[in-house]
Amino acid sequence: MSKETGKKCLLVTALVFVGLFLGNYGQYQLAAVPSMIYEKFSLTDTQFSSIMTSPMVPAIFLSIVLGVLADRFGIKKTVMVCYAVSTLGFVLRVFAGSYGMMFAAMMMTGVGCTVLNGNLSKIVSSLYPAEKIGKVVGILMAGSTGSMAVAYGTTAFYPSLEAAFWVTAVAAVILSVFWLVLVREKDFGGASQSAAETVPVREALKVSVRSGNVWLMGLALLMLLGGATVISNFQVAYLTSVKGYSENLAGTFGTVLMIGSIIGSVAVPSCVFRSKKPGLWMLVMGLIAAVCTVLLVQLPTAGIYAASFLNGCLRSGIIAAMMALPVMFSDIGPKYAGMAGGFAVTLELLGAVVVPTYVIIPLAGGNMLGYFYLGAGCIAVSSVLIWVLMGRLSGGK
């Protein structure tokens, strides 16, 4: 790789990093200052949760489609269109005066992250040699998680909600302009090309949908992220409205949780797969994360920090470890792993959107503490499903 090519790869990587950062930062700005959002739009808990999870809706319906479009029309054009849609969403947030408009604007902001997450391995493998792909993907995903910590730590310090929204909107405009002007399709010429057999989309989807392992993985992720999303949606709201914390202090717990998530994403998978009983380890870690889901709103301040860190570390570590599973399924293998992983992640994001908003909140009947107990129950169920899945793998199924 020449020096000039190396600089261009770093530039494109930086623009992808910023795209992932902004998408998640903009979403979790709302979770950091829930009182402002509730007051501005006169929201119920269900409406607030639906706005919080609306950026994930595009991923449910568009992840596979955007992958196909990137193959057909190129990465530059596909990402550019999605960045433009996200930018428009960030700008519309500033002027949103109703729940419906805010929901639509937030959903639009998620399109950029959707195209990047769905094509991340394709983008990175076209820029870097094979031995660097894992490291670069890890850095990009850590940046995505880190943005949530920054959102929790900074949003409450803006002079107004509009100011917070304007900063993100301007950053999104600058990012879109930079992508349009500085990136060329030839930049994705392919420093590393996979030797794996190219498989038609229909064939890969058919095999993935018929796989019991893929469904079990997807349902486990659905329950796990569905339960975990309760925390990101309501931890600050509960601690401020019920426990009397300031939003500045309550936001620091979310920051610690996301720091734990970054560490867990890197450290947990290697520990799990080095052990002789990975399924048992993941079951225990999941159950601990479930317990912490309740403790992180009930303990004294120091205990909340500890429970938040543990919850983020363990649940993110489990998710990161599960991302490596499709290639290990006997009916999937490397040939169909990409589509199988995408299908499972679609179910995961469906859980983040549907479970907290349309299952947990109605079941709890407006009892906010009940949200956390039900969220913990979802994570516990997920842990059992993961244990069953790992047992099937060790049994060769």
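Is C292 buried or exposed? With a relative accessible area of 6%, C292 is buried (buried means under 20% relative accessible area, exposed over 50%, partly exposed in between, with a 1.4 Å probe and protein chains only). This is a predicted model, in which local features need pLDDT of at least 70 and side-chain atom pairs count only at pLDDT 80 or more, while totals for chains, interfaces and linings use all residues. Residues are numbered from 1 along each chain as its sequence is written, and side-chain values use heavy atoms, leaving out hydrogens and water.

The structure holds 0 disulfides (pairs of cysteine sulfur atoms within 2.5 Å). For C82, the nearest cysteine sulfur is that of C113, 11 Å away. The closest cysteine sulfur to that of C292 belongs to C313, and at 10 Å it is too far for a bond.

Turning to charges, the whole structure has 2 salt bridges (a side-chain nitrogen of Lys or Arg within 4 Å of a carboxyl oxygen of Asp or Glu).

| Salt bridge | Closest N and O atoms |
|---|---|
| D187 and K8 | 3.1 Å |
| K40 and E162 | 3.2 Å |

D187 is buried at 14%, whereas K8 counts as partly exposed at 25%. K40 is partly exposed, with a relative accessible area of 32%.

Finally, a helix: α4 covers residues 57-73 (helices are DSSP runs of H or I, at least four residues, numbered from the N terminus). Its buried residues include V57, I60, S63 and L66. Just after α4, G74 takes a positive phi of about 100°.

How values were computed. Helix = DSSP H or I, 4+ residues; strand = E, 2+ residues; numbered from the N terminus. Expected span 1.5 Å × (residues − 1).
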